[in-house]
Amino acid sequence: MENNKLNSDVNQLHVAVFPWLAQGHLLPFFQVSMFLVQKGHRVSFITTPKNHTRLPKNLIPSKLSHLITFVDLPLPTVDGLPDGAESTADLPIHKVPFLKKAFDGLQPSMTKFLQDSGHDVTWIISDFVCYWLPPLASRFRIKLVLFSIVNATSFAFYLPPSEMGSDYRSKPEDFTVVPKWWNDMPYDVAFKLHEMENHWKGMDSDVSDFQRLMEVTKGCHIILIRTCPDFEPESLSLLKTLHNKPVLPIGLLPPSEPRDDEDHERWEALKLWLDGKKDKSVVYIALGSEFSLSQELMHELAFGIEKSGLPFVWVINNRPLVEGKFGSDIIPSGFETRVPDRGLVWRGWAPQLKILGHPSVGGFLTHCGWSSVIEGLGFGVALILFPGGIADMGLIGRLLHNKGIGFEIPRDDIKGSFTCDSVAESIRRVMVEEEGEPLRAKSREMRQIFGNMELQNKYFNEFEEFLLRGA
């Protein structure tokens, strides 16, 4: 990507980037940082030491490495937070509130960083968590960008107009209905009770996620959303109506190319297996790195996958079923021996982009994490929706289902339970049944948006122009 004439030293920006401590946040913030560096701007990427090691720094061209500085802020000790835990990936959901308290304890370190930087920092790109950052940025006369890694529909659902206040919704049940400000939106979305009750476990009782989001939204100069108007124009329009400040899409941040994974031999074995399957016949199953099901529900899911009768690759991560205990029986006894020819269970990290891009893969049973959805639709793969009970995954599942881009596996609204029959029927509907053909066609169409790097770079460039004008 060539630097344009705007990016002389005179017009060079210094941008501080400050994400929440979760892998699903770190990587999109890193992508935005890489874009700014490629445009000739300086970036200070601020997080904790352990989280810096989780970033794909090998993607930084050596000729640009001088433009990005990794600023380590040691995470304060907090009662209840296990030693060495610096990310949601290190914790069960009910321990996440302690991580938020520790994150709030970074305020003195962040203040010192801004003091030491003088008036050099032009903008701070912030996450939703640090409700204390707007007054701090204002004190140093630095403009603030709120970067939302969730899409415009989720953001519009979460945050009421400012006149309603943060106490408009005070309990999980309040989030299971379409909000009052939804107006003439074409798609209704809301959480199921089991999703929001699980989300509640991860919130700090002193400062809720919704209070945090409201404070940062009030104090920022621009709301930056990980979406594009080609996908959800109505939701972006609603956001602009609800909040009296600029709302910019940054694009979908699709990964530019598959990474070379370290375990080359394992990938070659998997590729050989996929090569032996018919085009669009394989279901890829991956529920993300931070989504846990009970052993009972994992077994029900396994029986459903088995009952579908279709070839599959199922990624099983090492997330504990309960705190401190890894599930040796996470899948049913004898499962792998019953599906030796048509099923592969892959344990640990998987080369997801390579798998999704293989011609034999036609469906993706996903937990509805926004990054995973973007990757799947970037290859035009049909989606079997199984939302995880954290963040906005339920909202994403409803949106895609209502748009006819995916099909959501039926689950009990209150308990989150489901049957193996509903899993099998949903997989077959999306993959092979005649009634699923419109869905498969719509998924293929989505590749023109989600896999279009030229289109997505256009929104990046518009964001840079906004930063330059506002500096």
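## Sheets and helix packing in a predicted model

Over residues 20–37 the chain is 83% helix and 0% strand, with the end C-alpha atoms 21 Å apart. The structure is a predicted model. For this stretch, residues 20–37, an unreviewed UniProt entry lists "transmembrane region".

An open sheet is built from 7 strands in the order S3-S2-S1-S4-S5-S6-S7, and its pairing is parallel. Strand S3 (68–72) and strand S7 (247–249) are at the edges with a single partner strand each, so one side of each has no neighbour in the sheet. From one strand to the next the twist averages 25°.

Within this sheet, strand S4 (residues 123–126) and strand S5 (residues 143–148) are joined in the parallel sense over 4 bridges. Ile-125 has Val-145 in S5 as its bridge partner.

Helix H1 (residues 23–38) lies across strand S1 (14–18), strand S2 (42–47), S3, S4 and S5. The direction of H1 makes about 165° with S2.

H1 also packs against helix H18 (residues 453–470), at an angle of about 70° and with the axes 11 Å apart. Angles of 65 to 115 degrees count as roughly perpendicular, and H1 and H18 are therefore roughly perpendicular to each other. On the H1 side the residues are Gln-31, Val-32, Phe-35 and Leu-36, which meet Phe-460, Asn-461, Phe-463, Glu-464 and Leu-467 in H18. By class, the residues of this contact of H1 with H18 divide into 6 nonpolar, 2 polar and 1 charged.

Another open sheet has 6 strands in the order S10-S9-S8-S11-S12-S13, with parallel pairing. Its edges are strand S10 (343–347) and strand S13 (406–408); each has a single partner strand, so one side of each is left without a neighbour in the sheet. Here the twist averages 20° from one strand to the next.

Strand S11 (residues 361–366) pairs with strand S12 (residues 382–385) in the parallel sense over 4 bridges. Gly-363 is placed opposite Ala-382 in S12. Helix H17 (residues 437–450) packs on the sheet and touches S12 and S13. The direction of H17 is at about 115° to that of S12.

H17 has a helix partner as well: the axes of helix H14 (residues 370–378) and H17 come within 7 Å and cross at roughly 105°. That angle makes H14 roughly perpendicular to H17. Trp-370, Ile-374, Leu-377 and Gly-378 of H14 make the contact with Ser-443, Met-446, Arg-447 and Phe-450 of H17. The residues of the contact of H14 with H17 comprise 5 nonpolar, 2 polar and 1 charged.

### Helices H11 and H16

Helix H11 (residues 295–308) and helix H16 (residues 420–431) have axes that come within 7 Å and cross at roughly 45°. H11 and H16 are therefore oblique to each other, and H11 passes H16 in a right-handed crossing. From H11, the contact is made by Glu-300, Leu-301, Phe-303, Gly-304, Ile-305, Lys-307 and Ser-308. From H16, Cys-420, Asp-421, Val-423, Ala-424, Ile-427 and Arg-428 take part. The residues of the contact of H11 with H16 divide into 7 nonpolar, 2 polar and 4 charged.

### Helix pairs side by side

Two packed helices are described by the angle between their axes and the distance between the axes. The table lists these values for the pairs above.

| Helix pair | Angle | Axis distance |
|---|---|---|
| H1 and H18 | about 70° | 11 Å apart |
| H14 and H17 | roughly 105° | within 7 Å |
| H11 and H16 | roughly 45° | within 7 Å |

Definitions and conventions: Residues numbered from 1 in each chain as written. Predicted model: local features only at pLDDT ≥ 70, side-chain atom pairs only at ≥ 80, totals over all residues. Heavy atoms only, no water. Axes fitted to C-alpha atoms, helices over the stretch in contact; angles between N-to-C directions. Helix = DSSP H or I, 4+ residues; strand = E, 2+ residues; numbered from the N terminus. Parallel < 35°, antiparallel > 145°, perpendicular 65-115°, else oblique. Left-handed = near helix turned anticlockwise from the far one by under 90°. Contact = heavy atoms within 4.5 Å. Nonpolar A, V, L, I, M, F, W, Y, C, P; charged D, E, K, R; others polar. Pairing = 2+ DSSP bridges. UniProt positions renumbered as here; feature names shortened; annotations may be inferred.
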